[in-house]
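Subject: Structure for you to look at

Hello,

Please find the structure below, followed by notes on what was found in it. Keep it open while you read.

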Amino acid sequence: MSNLTTSAGVAAGLLAFAVEQGADRAALMARAGLVPADLQDHDQRPPLATYMALMRAAQHLCNDPALALHFGEAVDLAEISIVGLIMNASATMGDAFAQIQRFGRLSLETEGLSEGPRFVLSVRDGQLWMVDTRADPNTFPELTEGAFARLVCGPRRFLPEPHVLEVCFTHPAPAWRAEHDRIFQCPVTFSSDWNAMRLDPRIATWPVALQPRYVFGVLVDRADELLRELEEQRTVRGRVEAMLLPLLHTGEVSAEAVARALGFSRQTLFRKLKAEGATFKRVLDGL
């Protein structure tokens with residue numbers, strides 16, 4: 001969990017939504033450990049733990065335990081993430097699903113059951129399902145509830161008929177389960193063996209194209225660039241570089257401090273860098 005991130009655009013979207021619901025902005029940011037600079041560039045990557053803390057604070061300050069559902073219902077992904085913009089510029093719903101598989105991590109990273117995308121398609125008993133493969137989902141079900149609400153309510157605004165026919169959650173039914181019935185407008189099952197939504201089998205061919213095709217190409221190029229940057233940060237060298245850059249002007253950098261911040265011993269940091277063909281000194285000198 002410590003290395004997972006979200007986009008600053010998603011965090012800023014949640015912050016703005018909570019403020020609209022009556023929460024105090026300064027109190028929200030203080031509880032989440034955020035400062036204004038963290039959200040200035042929507043492509044910045046605050047830790048996922050920070051986003052989770054922001055969600056908890058927003059639930060409390062808005063007095064709304066169903067806030068994740070309401071955030072997903074009210075705020076389209078295109079308003080807060082390049083992933084939503086790309087999906088809206090896709091030709092069909094099938095194309096849009098391919099894009100969320102490809103770029104979904106740019107919106108919000110999660111620990112999955114495999115190295116593949118978070119959302120996958122599966123056929124069970126002849127029915128088509130979209131499955132959320134997030135590991136340990138019940139530790140923070142808000143991520144599942146918010147994602148499902150957004151994937152239902154966003155396309156509902158332009159599709160000719162319902163595309164989600166049934167919803168399943170692995171967590172028990174909360175006290176606000178009536179909100180699930182209102183938002184999803186289809187059968188909702190709790191304490192299920194998976195987090196999944198049953199889809200209309202015709203969905204892949206239904207048109208989207210809310211933006212010109214030219215826009216799709218421009219957005220995909222930018223998303224590919226962001227994805228490369230995210231992958232680079234997944235290497236130990238990339239993580240060390242990201243930690244060193246804001247400290248260079250101070251002259252106060254040491255392998256011990258960086259290793260401690262990454263949760264390693266000095267020797268472990270050196271060993272991991274060596275496995276990537278690097279040394280701490282070469283990384284520092286290169287920067």
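Some ground rules come next. This is a predicted model, in which local features need pLDDT of at least 70 and side-chain atom pairs count only at pLDDT 80 or more, while totals for chains, interfaces and linings use all residues. Residues are numbered from 1 along each chain as its sequence is written, and side-chain values use heavy atoms, with hydrogens and water left out.

Surface patch

Leucine 287 sits in the segment after α13 (280-286). Helices (H or I, at least four residues) and strands (E, at least two) are DSSP runs, numbered from the N terminus. Together with Leu245 and Leu248, Leu287 forms a nonpolar patch on the surface, and the accessible area of the three is about 240 Å². Such a patch joins nonpolar side chains (Val, Leu, Ile, Met, Phe, Trp, Tyr) within 5 Å, from residues with over 30% relative accessible area and no salt bridge. The areas come from the Shrake-Rupley method with a 1.4 Å probe, and for residues only the protein chains shown count as cover.

Helix α1 and the cores

Helix α1 (residues 8-20) has 13 residues, which at 1.5 Å a residue should span 18 Å; the end C-alpha atoms are 18 Å apart, so the two agree. The expected span is 1.5 Å times one less than the number of residues. Because 10 of the 13 residues are buried, α1 is largely enclosed by the rest of the structure. Among the buried ones are Val10, Leu14, Leu15 and Phe17. Their cover includes α2 (25-32), α3 (48-61), α4 (67-74) and α6 (93-107). After α1 comes glycine 22, with a positive phi near 115°.

A nonpolar core is a set of buried Ala, Val, Leu, Ile, Met, Phe, Trp, Tyr and Cys residues joined through side-chain atoms within 4.5 Å. The largest one has 73 residues, of which Tyr51, Leu106, Val167 and Phe184 touch the most other members. α1 gives the most to this core, with eight residues. A second, separate core has 13 residues, including Ala255 and Val283. Leucine 106 is in contact (heavy atoms within 4.5 Å) with residues that include Ile82, Val83, Leu226 and Leu230, leaving out those up to four places away in sequence.

Salt bridges

Side chains of opposite charge can pair when their charged atoms come close. A salt bridge is a side-chain nitrogen of Lys or Arg within 4 Å of a carboxyl oxygen of Asp or Glu. By this rule there are 16.

In one of them, aspartate 43 meets arginine 222, with the closest N and O atoms 2.8 Å apart. Aspartate 43 is in the loop between α2 and α3 and arginine 222 is in helix α9 (residues 213-234), so the pair links parts of the chain 179 residues apart. Asp43 and Arg222 also belong to a salt-bridge network with Glu225.Arginine 124 and aspartate 193 form another, at 3.4 Å between the closest N and O atoms. Arginine 124 is partly exposed at 33% relative accessible area, whereas aspartate 193 is exposed at 58%.

Aspartate 181 and arginine 177 form a salt bridge at 2.9 Å, N to O. They are four residues apart in helix α8 (residues 177-184), and about one helical turn separates them.

Regards

Definitions and conventions
Buried means under 20% relative accessible area, exposed over 50%, partly exposed in between (1.4 Å probe, protein chains only). Patches are made of residues with over 30% relative accessible area and no salt bridge: like charges are joined within 9 Å, nonpolar side chains (Val, Leu, Ile, Met, Phe, Trp, Tyr) within 5 Å.
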